[in-house]
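Work through the following exercises with the sequence and the coordinates at hand. Each task is followed by a solution in steps.

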Amino acid sequence: MQIILCKSTHDVGRRAADIIEARLRQGPTVLGLATGGSPALTYQELIRRHREEGLSFSRVSAFTLDEYAGLPPAHVQSYYSTIRREFVDHVDMPLERLYTPQGDAADLNDEAARYDRAISAAGGVDVQVLGIGTNGHIGFNEPTSSLQSRTRVKMLASRTRADNARFFEDEAEDVPRLCLTQGLGTIGEARQVVLVALGSNKAAAVRAMVEGPISAFCPASALQLHPHATVVLDPAAAADLALADYYREAQELHEQLL
Ligand code: F6R
């Protein structure tokens, strides 16, 4: 796991965007896209590079990580609408190559299995963007999720519903109870993952992910098994790390050798 300690919150967006841009410059790319607050600066930086520096997304396909069950794609808080509003509609990525699980599918279990197969059929994800929940979830794989899970229907933890109430006029009760989420096994098959975390409310989860045991109790700790995982942190999210000096030194050495 590579840990990048950023000097500022804005730096997190730039560093994560650098990783994505480097992959895009290699050729056609399949991105995995998280929604929520954490990657917003990353998407804003990619949009800026598209507008000001000509970075093209014309050869990109993208799969979102998850979707609320029961919300049709057109719902303002569906992750399909959100990722369009916050990223895809502002770059030159063909909309027909944006894929999300259908939250209003008649059979959610079938839809989850179909979505998992669609990711494989597209050749798998090249770079998966992730955030982390305050309870250590990635995607909506809540604590005690199987480390080998595939895309499936999950029940959201009450903490996640409370955290996401801000997108539903502060009404946790209005946050759907169920979702479709890529599983930890599915996410683990991405060739590269970049997880961004911002703010002091993520510090405990970040420490458990990076320095705790691999445990379904902190689903993000499964990334310790990933051969190419980068964690990009702002100072507040990194505040509880015991080995921060080591990560900083490794980062400096890495930058010198590049
Ligand atoms: C979103 C997702 C979630 C979020 C996490 C953090 O697609 O899968 O895992 O990344 O809940 O949310 P924010 O970034 O809003 O704090």
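**Exercise 1: the ligand site**

Task: find a polar side-chain atom of Asp 66 and give its distance from an oxygen atom of the ligand.

Solution. The model is predicted. In this model, a polar side-chain atom of Asp 66 is 2.5 Å from a ligand oxygen. The protein buries 93% of the 400 Å² that the ligand exposes when taken alone.

**Exercise 2: further contacts**

Task: list the residues closest to the ligand, and give the distances for the side chains of Ser 38 and His 137.

Solution. 
- Step 1. The shell around the ligand holds 16 residues, and the closest are Ser 38, Asp 66, His 137, Gly 139 and Lys 202.
- Step 2. For Ser 38, a side-chain N or O atom is 2.4 Å from an oxygen atom of the ligand.
- Step 3. For His 137, the distance from a side-chain N or O atom to a ligand oxygen is 2.6 Å.

**Exercise 3: shell and pocket**

Task: how do the shell residues divide into nonpolar, polar and charged, and where does the ligand sit?

Solution. 
- Step 1. Sorting the shell around the ligand gives 5 nonpolar, 8 polar and 3 charged residues.
- Step 2. The ligand is placed in the largest pocket.

**Exercise 4: cysteines**

Task: how many disulfides does a search of the whole structure find? Are Cys 179 and Cys 218 buried or exposed?

Solution. 
- Step 1. The search finds 0 disulfides.
- Step 2. For Cys 179, the nearest cysteine sulfur belongs to Cys 218 and is 17 Å away. A disulfide requires sulfur atoms within 2.5 Å, so Cys 179 is in no disulfide.
- Step 3. Cys 179 has a relative accessible area of 0% and is therefore buried.
- Step 4. Cys 218 has a relative accessibility of 9%, so Cys 218 also counts as buried.

Definitions and conventions
Residues are numbered from 1 along each chain as its sequence is written. This is a predicted model: local features need pLDDT of at least 70, side-chain atom pairs count only at pLDDT 80 or more; totals for chains, interfaces and linings use all residues. Side-chain values use heavy atoms; hydrogens and water are left out. A residue is near a molecule or strand if one of its heavy atoms lies within 4 Å of it. A polar contact is a pair of N or O atoms within 3.5 Å; within protein, one must be able to donate a hydrogen and the other to accept it, and residues adjacent in sequence count only if both atoms are side-chain atoms. Accessible areas come from the Shrake-Rupley method with a 1.4 Å probe; for residues, only the protein chains shown count as cover. On a 1 Å grid over the protein atoms alone, a cavity is a set of points where a 1.4 Å probe fits but cannot get out, and a pocket is an open set with protein on both sides within 12 Å along at least five of seven lines; lining residues have an atom within 4 Å of a point. A molecule sits in a cavity or pocket if more than half of its atoms lie within 2 Å of its grid points. Ala, Val, Leu, Ile, Met, Phe, Trp, Tyr, Cys and Pro count as nonpolar, Asp, Glu, Lys and Arg as charged, and the others, Gly among them, as polar. Buried means under 20% relative accessible area, exposed over 50%, partly exposed in between (1.4 Å probe, protein chains only).
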